[in-house]
Amino acid sequence: MFKIAAGVSDLYLAGVSNVLVIGLPDFGLLPQFAGDPVTSGRATFLSDDFNAALEATLAALNAGLPASDISFFDTDGFFADILLGLPPELVSVPCLADPAGCAAIPTNYAIYDDIHPSERVHTQLAEANAEELDLTKVEVIPLPATAPLH
């Protein structure tokens, strides 16, 4: 948390008074962890614990930095809403685990590999963050056309 607090403080000292800090999604919902209830529960606990500490840190920064507006974006709730609105097979099966489907329509998938959100979810996250910041235009930055290196 120290590095996040230091980064937000540095932004404030540089003249940035409005900052949106993005929390973690529920890692227990990701395919890498969701297959085992114990592992899923632990992953959920860790992401929830991190988010609670982050929110407390941001509240302390807001209280200590005059005229600051440091906000927390609830990625956990956002991500859960997206996943709950999709057919289970598009959440439980990552894009890379279904090469034919991924190549045909990659935007159908919520998860790219076992842990990273797809371009579709990143776009929705960017739009939600822009809305939170009252921005009117979001530039779409395409993902690289190559597969990840292992």
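1. Helix H4 (75-84) has these buried residues: Thr75, Asp76, Phe78, Phe79, Ala80, Ile82 and Leu83. Buried means under 20% relative accessible area, with exposed over 50% and partly exposed in between (1.4 Å probe, protein chains only). H4 is mostly covered, with seven of its 10 residues buried. Helices (H or I, at least four residues) and strands (E, at least two) are DSSP runs, numbered from the N terminus.

2. On the basis of the note: this is a predicted model, where local features need pLDDT of at least 70, side-chain atom pairs count only at pLDDT 80 or more, and totals for chains, interfaces and linings use all residues. Residues are numbered from 1 along each chain as its sequence is written, and side-chain values use heavy atoms, with hydrogens and water left out.

3. What do the buried residues of H4 pack against? Their partners are strand E1 (18-22), H3, strand E2 (69-73), helix H5 (88-92) and H7. Contact here means heavy atoms within 4.5 Å.

4. The largest nonpolar core has 16 residues. Such a core is a set of buried Ala, Val, Leu, Ile, Met, Phe, Trp, Tyr and Cys residues joined through side-chain atoms within 4.5 Å. Phe73, Phe78, Phe79 and Ala110 have the most contacts inside it. H4 and helix H7 (119-132) each supply at least two residues of this core. The largest share, four residues, comes from H4.

5. Ala110 touches Leu83, Leu86, Leu90, Val91, Pro117, Ser118 and Val121, leaving aside residues up to four places away in sequence. Another core, of 10 residues, lies apart from the largest one. Val19, Val21, Leu65 and Phe72 are among its members.

6. The second largest pocket holds about 210 Å³ of space. A pocket is an open set of points on a 1 Å grid over the protein atoms alone, where a 1.4 Å probe fits, with protein on both sides within 12 Å along at least five of seven lines; lining residues have an atom within 4 Å of a point. The volume is the space filled by probe spheres set on the points, which are joined across faces, edges and corners.

7. Of the 13 lining residues, Gly23, Leu24, Pro25, Thr75 and Pro117 are closest to the pocket centre. H4 and H7 are the elements that give two or more residues to this lining. H4 gives the most, three. By type, the lining has 11 nonpolar residues, two polar and no charged.

8. Ser40 sits in helix H3 (residues 37-64). Ser40 counts as buried because its relative accessibility is 15%. Beyond four places in sequence, Ser40 touches Gly28, Phe33 and Ala34.

Technical notes:
Nonpolar A, V, L, I, M, F, W, Y, C, P; charged D, E, K, R; others polar.
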